[in-house]
Amino acid sequence: MRFVILTTFVEMYESFLSYSIIARAIEKKLIEVKLVNIRDYTLDKNHRTDTPPIGGGAGLIMKCQPIVDALKANSTVNSKKIIMSPRGKIFNQEMAKKLSKEEEIVILCGHYEGIDERVYPYFDEEISIGDYILTGGETASFILIDAISRLVDGVINEESIKEETFNNNLIEYPQYTEPYDFNGSLVPDILYSGNHRVIEKYRRKMSLGYTKIYRPDLFNKIKLSKSDLKLLEQFDNNELSKEEQLALEKGKKFIKNH
């Protein structure tokens, strides 16, 4: 996977690309990120890439020529060309999955008060990360690169991807660490039972319940099985299944040690 970033603020990417999963993926050559400074392509004698809008108005608008020339010099017919734009489709996990199958993604980061409208036909798609105002598209592009990269084969463990939030429209089940008792708040005993099949069903129950409470918009998209409906009933009534009760009985000695 190759990302080509068209920006006037190349230096903003230095820290982002130098740490954590992204840095390791670059080191392993699983992804590549090419930073293209749009200013390098301007024909303006003062090296400007922006100008006041025709007809008047506040702020500055990014000019056509340097953007289009930067795009032509750093993309191919097979590149997926994206503009970070507030009028685009809202980015989500399904879009991330689809884009992770591309060989090369070119991302244009807008800045200032906007981009000359005549630039848009040169791109395939506009994407927004939400209904709020950012100074520029650079920070928005971080989110695209991160979300897409982690779905590229080999970047992170496949099992981790399967269990992550938003897969199958479910948010992730609650997670815990030691100690068992923290200021009177206890780790659920079922997690100490040692019965992995029961723990898996418990986590499914919690994912369903948490999604219903915190993200009803996602919950309404889930096709619930008979088993899911039963788990939700247990969640709503704060009940233990017979399987959970049996697992807790068998794991009682282990739980006491904590």
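Residues are numbered from 1 along each chain as its sequence is written, and side-chain values use heavy atoms, with hydrogens and water left out. Because the model is predicted, local features need pLDDT of at least 70 and side-chain atom pairs count only at pLDDT 80 or more, while totals for chains, interfaces and linings use all residues.

Five strands form an open sheet in the order β2-β1-β6-β5-β7, with parallel pairing. Strands (E, at least two residues) and helices (H or I, at least four) are DSSP runs, numbered from the N terminus. Two strands pair if DSSP finds at least two bridges between them. The edges are β2 (32–37) and β7 (125–128). Each has a single partner strand, so one side of each lacks a neighbour in the sheet. From one strand to the next, the twist averages 35 degrees. Angles run from 0 to 180 degrees between N-to-C directions, and axes are lines fitted to C-alpha atoms, for helices over the stretch in contact.

Strand β6 (residues 104–109) pairs with β1 (residues 2–7) in the parallel sense over 5 bridges. Within this pairing, Val4 stands opposite Val106, and Arg2 stands opposite Glu104. The pairing of β5 with β6 is also parallel, over 5 bridges. Here Lys80 stands opposite Ile105. In a regular strand the side chains alternate between the two faces of the sheet. In β6, Glu104, Val106 and Leu108 point one way, and Ile105, Ile107 and Cys109 the other. A residue is buried under 20% relative accessible area, exposed over 50%, and partly exposed in between (1.4 Å probe, protein chains only). By this criterion 6 of the 6 residues of β6 are buried, so the strand is largely enclosed by the rest of the structure.

Helix α3 (residues 64–73) lies across β1, β2, β5 (80–90) and β6. Its direction is at about 160 degrees to β1. Helix α5 (residues 137–149) touches β1, β5, β6 and β7, where contact means heavy atoms within 4.5 Å. The direction of α5 makes about 160 degrees with that of β6.

Helix α7 (residues 196–214) was examined on its own. Its 19 residues should span 27 Å at 1.5 Å a residue. The expected span is 1.5 Å times one less than the number of residues. The end C-alpha atoms of α7 are 26 Å apart, which agrees. At the start of α7, a side-chain oxygen of Asn195 comes to within 3.3 Å of the backbone nitrogen of Arg197. The buried residues of α7 include Val198, Ile199, Tyr202, Met206 and Leu208. The buried residues of this helix pack against α8 (216–219), α9 (226–237) and α10 (242–250).

The structure holds 16 salt bridges, each a side-chain nitrogen of Lys or Arg within 4 Å of a carboxyl oxygen of Asp or Glu. One of them joins Lys80 and Glu125, with the closest N and O atoms 3.3 Å apart. Lys80 lies in β5 and Glu125 in β7, so the pair ties together parts 45 residues apart in sequence. Glu125 is buried, at 19% relative accessible area.

Two further pairs involve α7. Glu243 forms a salt bridge with Lys201, the closest N and O atoms being 2.8 Å apart. Glu243 is in α10 and Lys201 in α7, 42 residues apart. Glu243 is partly exposed at 25% relative accessibility, and Lys201 is partly exposed at 32%. Asp236 forms a salt bridge with Lys212, with closest N and O atoms 3.1 Å apart. Asp236 lies in α9 and Lys212 in α7, so parts 24 residues apart in sequence are tied together. Asp236 is partly exposed at 46% relative accessibility, and Lys212 is partly exposed at 36%. Salt bridges that share partners also join Arg2, Glu32 and Glu104 into one network.

Ile38 sits in the loop between β2 and β3 (50–51). At 0% relative accessibility, Ile38 is buried. Its C-alpha atom is separated by 9.5 Å from that of Ile5, 33 residues away along the chain. Not counting residues up to four places away in sequence, Ile38 touches several residues, including Leu6, Thr7, Met62, Ile67 and Leu108.

Notes. Polar contact = N/O pair within 3.5 Å; in protein donor to acceptor, adjacent residues only side chain to side chain.
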